[in-house]
Structure formats: C-alpha cells, structure tokens
Amino acid sequence: YHLKENIKTKKDIRKKEEKEVIEKGGTPDYPTFAELREEDLEESPYLLFVIKNENNQVIRKLKAGVKEGISRITWDLRYASDSPLSLKTNINKHSGMPCLPGEYSVEMHKSIDGNITQVTEPIKFTVKLLDNATIPVTDKLALDDFRKKVQQMVGVVTATDKKLKEMQDKIQIIKKMTKK
C-alpha cells in the first residue's frame, strides 16, 4: 500500500506551526498545560486492515504503523485467535486456524486519535488451496467448523490455565503471609 503523507498528531502540528513562526523571526507561544496534556493523551495514529470473507464477515484485523510511502503488510491466511489477549499480545501475530479457500476482501482504515475512518474501498482477492495435504478433505465447511471449535476450546483451556496460575500465585502469597 502507499501513503501519500504521514498522519500528523497534535504535537506534530504544533511543532510545525512553531517552526514557521521561528522562521519568520517571531517567538512562538508556549503551549498551555491543557494543550500539552491533550498531546500526551492523544492516541498514536495507525492503519487498520480489515479482512472479510465473501459473506462480509470480519475474519481478521491487522494493525500497521503510519509511514509515508510504500509499505507492506502480510496476512498469514488465518482467522484471529480466540485465545485470551494480554498487554504484550501482538494483534498481527495472534493467529488462529487457517481460513478456507475462497473470495475475500481487504479494506484499509485509519485511526486518528481513536477515530477510525475507512480510507479505501474493499479490494477483493482469492485464497486458493495448495493440494499438498496427505489426506484430502472432502467437506471443507465441516473441516472449517471443526477447526473453529478446536480454536475455541484452545482459547478456553488457555484462559483456564492462566486463571489457575493466578490462583496458585495467590495461594503462595497467602502461605507466605501466614508464616510471619
């Protein structure tokens, strides 16, 4: 994809205006505390790529930084994972089961200070199956349903395991506290 120009943050706009004032020989006004706080709290701009299947259901969302010029983002042809997220989770690598062959589309959106707007019309593409399976699949929809159920079950097991670990940690803390 190609971006003609970067998306400017409030801080970028302020600095550009200050530079113009300095170049004209003036002294820029110092920003107020409220303006500086607003700049700090502003969400960084990003691009969001939304992949949909032929039934217009969202299959995956991929996030990319805003960079002027030509850039690339790749989709691993997988659904989004049902596993629990954490603060360290990279949304682009949080993959689930492989998607089915068929028609898909991708749309590009931009997020400026949390406001998401669509940038492009959907672009259609086809996902084709490589015939390299050891056991050929006769019912692809049944396989897809099975994969989704397995992915949901993995998500539940992962969440349960995480909760169990948290409880074990709490028990260890309680044991230490009672020994004092």
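My entries on these two topics follow.

**Ground rules.** I am working from a predicted model, where local features need pLDDT of at least 70, side-chain atom pairs count only at pLDDT 80 or more, and totals for chains, interfaces and linings use all residues. Residues are numbered from 1 along each chain as its sequence is written, and side-chain values use heavy atoms, with hydrogens and water left out.

Entry: For burial I used relative accessible area: buried is under 20%, exposed over 50%, and partly exposed in between (1.4 Å probe, protein chains only). The largest core has 15 residues, and Leu47, Phe49, Ile51, Ile59, Trp75, Cys99 and Tyr104 touch the most other members. Two or more residues each come from β2 (46-53), β3 (58-65) and β7 (102-112). My helices (H or I, at least four residues) and strands (E, at least two) are DSSP runs, numbered from the N terminus.

Entry: What does Cys99 touch, leaving out residues up to four places away in sequence? I found Trp75, Leu77, Arg78, Tyr79, Tyr104, Val127 and Arg147, with contact taken as heavy atoms within 4.5 Å.

**Entry: charged pairs.** I counted eight salt bridges, each a side-chain nitrogen of Lys or Arg within 4 Å of a carboxyl oxygen of Asp or Glu.

- Arg14 pairs with Glu39, with the closest N and O atoms 2.5 Å apart. Arg14 lies in helix α1 (residues 10-23) and Glu39 in helix α2 (residues 33-41), so this bridge ties together parts 25 residues apart in sequence. Arg14 is buried at 17%, and Glu39 is buried at 13%.
- Asp76 meets Arg60 at 2.9 Å, N to O. This pair links distant parts of the chain, 16 residues apart: Asp76 sits in the loop between β4 (69-70) and β5 (78-80), and Arg60 in strand β3.
- Glu166 and Lys163 meet at 3.6 Å, N to O. Both lie in helix α3 (residues 140-178), three residues apart, about one turn of the helix. Glu166 is partly exposed at 33%, and Lys163 is partly exposed at 49%.

**Last entry.** I also noted a network of salt bridges that links Lys10, Glu38 and Asp113.

Technical notes: A nonpolar core is a set of buried Ala, Val, Leu, Ile, Met, Phe, Trp, Tyr and Cys residues joined through side-chain atoms within 4.5 Å.
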